[in-house]
Amino acid sequence: MSNFSRGLLKWQRVNGRHGLPWQLNPSPYRVWISEIMLQQTQVKTVIPYYRQFMKQFPNLKRLAKADLDEVLHLWSGLGYYARARNLHKAAIQIMEVHKGRFPTDIEEVIQLPGIGRSTAGAILSLSKGQRHPILDGNVKRVLTRHRGINGWPGDKKVEDILWQLADELTPNQRVAEYTQAIMDLGATVCTRSRPACQDCPVMNDCFAYKHRQQTMLPSKRIRKTIPVKQAIFTIIKNHRGEILLKRRPPTGIWGGLWSLPECPMDEDIKKWIEQHFASKVTSVKEGPIMRHTFSHFHLDIQPVQVNISAKSIGIKDSGEIYWYKPEDKLSKGIATPVARLLQDL
Ligand code: SF4
């Protein structure tokens, strides 16, 4: 075992994170759900979502049988909704292809929707003690700093070097503890800004510490400024004060979630609503623009309040359309900016 791994294991015993909900009875199913929730999301945010999810979907069978809407609703607020859609899809696939048992062969796990090599490695090492390296964002940060690896870790060449290193450092024994240790070190000590090097078990031979390059590593991606897109969200209100929600198409941003109808930028809003919803518009009022930022672009949302007359008969509740009463609790999966707009009403 390398000094690096030995140091991490010793540190983990005393300083690592213990007693997290998914560490109790760490079955592949429970670890899988936690690993997906923890992607791009901090532990303290995930804990209440995880508990609620486990309450509602305590096992794979229950998740596979659930309605996608039920899953998306539980996910509301966590963001990156493709994760929830993939969880649901993967659960159905496991029921069909693996007779309801979570696969324990890494190649089969990687075949499941939404699971990459690192997540598959984490699931099988944490739940089954199988020896697999992991390479999530935290681990990339620790390794690039500790070994002084330059270049953006998202580059294939740099990533290959990191995978090889991660593999070399993964011990043959106590793999689950080691996996937890390297995740914990990245999350709590070797943090993105101001790493706590004095508390680090591998400080003595750390390149970044020795050369004071903690802020330079990992190297940043050289990228241009992200583009700004625009959208018009119509808040269509009927004479009973109900708001019209429409389900978004299954692919694309907020796929499958409920949203406010989006009017194309080049259309006349009044005409567009009258045409598409067979409703008579009585008033149109623009609200302040709201910016929502995705990883690849900003979306400037122009909310427009539209009242329609009592005689409007064109729109009825269906699988794609829903009249939401603002005084009721919303039990559907909904995108965060849409929830904010509804709250502001
Ligand atoms: S010494 Fe500092 S920079 Fe190096 S691995 Fe530890 S926390 Fe990260």
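This note goes through the ligand site, the cavities, the pockets and the strand pairing of a predicted model.

1. Basis of the values. The model is predicted, so local features need pLDDT of at least 70 and side-chain atom pairs count only at pLDDT 80 or more, while totals for chains, interfaces and linings use all residues. Residues are numbered from 1 along each chain as its sequence is written, and side-chain values use heavy atoms, with hydrogens and water left out.

2. Ligand shell. Around the ligand stand R145, V189, C190, C197, C200, M203, C206, Y209 and Q214, where a residue is near a molecule if one of its heavy atoms lies within 4 Å of it. By class this shell holds seven nonpolar residues, one polar and one charged; the classes count Ala, Val, Leu, Ile, Met, Phe, Trp, Tyr, Cys and Pro as nonpolar, Asp, Glu, Lys and Arg as charged, and the others, Gly among them, as polar.

3. Largest cavity. The ligand takes up the space of the largest cavity, a molecule being placed in a cavity or pocket if more than half of its atoms lie within 2 Å of its grid points. A cavity is defined on a 1 Å grid over the protein atoms alone, as a set of points where a 1.4 Å probe fits but cannot get out, and lining residues have an atom within 4 Å of a point. The largest cavity has about 120 Å³ of space, with grid points joined across faces, edges and corners and the volume taken as the space filled by probe spheres set on the points. Its lining counts 16 residues, and those nearest its centre are R145, C190, C197, C200 and C206. Helices α9 (137-147), α11 (175-189) and α12 (207-210) each give at least two residues to this lining, and α9 provides the largest share, three residues; helices here are DSSP runs of H or I with at least four residues, strands are runs of E with at least two, and both are numbered from the N terminus. The lining of the largest cavity comprises 13 nonpolar, two polar and one charged residue.

4. Largest pocket. A pocket, in contrast to a cavity, is an open set of points with protein on both sides within 12 Å along at least five of seven lines. The largest pocket holds about 2000 Å³ of space. It is lined by 47 residues, and Q40, G137, N138, R141 and R192 are the closest to its centre. Two or more lining residues come from each of α2 (28-38), α3 (43-56), α8 (117-128), α9 and α11, and α9 gives the largest share, five residues. The lining of the largest pocket divides into 15 nonpolar, 20 polar and 12 charged residues.

5. Second largest pocket. The volume of the second largest pocket is about 610 Å³. Among its 26 lining residues, G79, Y80, Y81, A82 and F294 are the closest to its centre, and the elements α2, α6 (82-97) and β6 (290-293) each contribute two or more. Helix α6 supplies the largest share, five residues, and by class the lining has 12 nonpolar, 12 polar and two charged residues. This pocket lies between domain 1 (3-210) and domain 2 (228-344), because both give residues to its lining; the domain bounds come from an automatic or database domain assignment.

6. Pairing of β1. Two strands pair if DSSP finds at least two bridges between them. Strand β1 (residues 228-237) runs parallel to β7 (residues 298-308), to which 10 bridges join it, and I232 has Q302 of β7 as its bridge partner. Strand β1 also pairs with β4 (residues 262-263) in the antiparallel sense over two bridges, where F233 stands opposite E262.

7. Pairing of β2. Strand β2 (residues 243-247) is joined to β8 (residues 321-324) by four bridges in an antiparallel arrangement, with Y322 of β8 as the bridge partner of L245. Two further antiparallel bridges pair β2 with β3 (residues 258-259), and there R247 stands opposite W258.
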